[in-house]
Amino acid sequence: EDSAHSLTEFGYSFICGLEAYRDDPDFELFDLMLCGAVHPSIVRDQQDMLRELQNLIWACQGSNDQGPRSGGRITSTMTSPNPNQVSRRVIRAVLRAVFPDKTDERHNALRRALHETLQHYCETGKTMDADSAYIHDLFSTSTDGEQSSLIEEVRRQHYYEVIEFTKELSQRLCDSSDFSGLFQASKLKRILHEVDENAKQADIDKMYHIAFPGEEETAYYTDILRQLRHNILLRPERLWVKAEPKDVIEKMTQGPPRELPQLRCRTTDPRQSGVDPSKNSQGAVGLDNAASAKAGAGLEPSAAAPPSQPKRMKGAKVVDNPIVKMQSDLYSTPEGLQGAVLTAGIEKIAEEDDEVED
């Protein structure tokens, strides 16, 4: 009896902790996997994606002792005097090469996260200017699991796009079902092609056999999507691609999109330059004044703004059982998938749409 009580208390505290820190990509992704919204193999896909990003940056810098060369001729326009450092321009070209199908809003969110990351490195003395970074710093993880703002934004967008793809597939299945929700097996392959025109035929056949393992001709669309979510990672084929240095060069020669207003690395008292430190320059990101907002994005708050912690609960709180969510139809419907991720993150990306000028 004591053991059962302890397990119940642990489970209650665990779920409350996930909800309290859900703005962190590690916690949010774990919660999505626990509830069955995404397949656990998404973690491996993220690791492969970040590994490809890092290897491509090393290859673009022409470093012979770090990371494999992906092919292509390295030019002097891409390399820096220090092969362990990478410039803002190269990073942005790499992101555009690896994520060719991202929307302008999402690319703008990545550029914003890169801006905050480089400014943070400059202010903490890791770099001499806010226009470059050491590659190891970009991809490093602290002892408590904290990563750079750029990498956390890349990871967050990764599973957001997986959820959005699953939602679109669910909507197509729902629209093609009859009034009772029954779906004809003969329509599935066509819908999978329509949802992802770059999907490989072998992957489509695999998903079909997962959805209809027997000889049945119909099934409820919610059952079909549950079978797919629990057995395979539903993601578009070009969620991220393996690029080469020549692809990065091509992106750089196309001309960069209009830069966000850049902040100089503050190495002196702002009052000496006649600038009011309480005000931000026009259009610039308020890095000092937004420390608490960045705490969940991977950047350390300033000493003047202590990190905000979730308030300690003093009353009873009802929590959802993730097993019940996994076995239900919650994440097999477009409405359920719409509410699966934090809406604040989606709204933040939407608000930055007007800053993109490609």
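**Entry 1: a pair within one helix.** I started with Arg172 and Glu168, whose side chains form a salt bridge at 3.8 Å, N to O. I am working from a predicted model here. Both residues sit in helix α7 (residues 149–175), and being 4 residues apart they are separated by about one helical turn. I checked their accessibility too: Arg172 is partly exposed at 28%, and Glu168 is partly exposed at 35%.

**Entry 2: another partner for Arg172.** I found Arg172 in a salt bridge with Glu194 as well, at 3.2 Å, N to O. This pair links distant parts of the chain, since Glu194 belongs to helix α8 (residues 188–195) and Arg172 to α7, 22 residues apart. Glu194 is partly exposed, with 40% relative accessibility. I then noted a network of salt bridges that joins Glu168, Arg172, Arg190 and Glu194.

**Entry 3: from α8 to α9.** Next I looked at Lys189 and Asp205, which meet in a salt bridge of 3.2 Å, N to O. Lys189 is in α8 and Asp205 in α9, so the pair ties together parts 16 residues apart in sequence. I have Lys189 down as partly exposed at 33% and Asp205 as partly exposed at 24%. My count of salt bridges comes to 15.

**Entry 4: α9 against α10.** How do helix α9 (residues 201–211) and helix α10 (residues 221–231) pack? I get an angle of about 120°, with the axes 8 Å apart, and the two are therefore oblique to each other. Their crossing is right-handed. Met207, Ile210 and Ala211 of α9 make the contact with Ile224, Gln227, Leu228 and Asn231 of α10. I sorted these contact residues into 5 nonpolar, 2 polar and no charged.

Definitions and conventions
Residues numbered from 1 in each chain as written. Predicted model: local features only at pLDDT ≥ 70, side-chain atom pairs only at ≥ 80, totals over all residues. Heavy atoms only, no water. Axes fitted to C-alpha atoms, helices over the stretch in contact; angles between N-to-C directions. Parallel < 35°, antiparallel > 145°, perpendicular 65-115°, else oblique. Left-handed = near helix turned anticlockwise from the far one by under 90°. Contact = heavy atoms within 4.5 Å. Nonpolar A, V, L, I, M, F, W, Y, C, P; charged D, E, K, R; others polar. Salt bridge = Lys/Arg side-chain N within 4 Å of Asp/Glu carboxyl O. Buried < 20%, exposed > 50% of the residue type's maximum accessible area, 1.4 Å probe, protein only.
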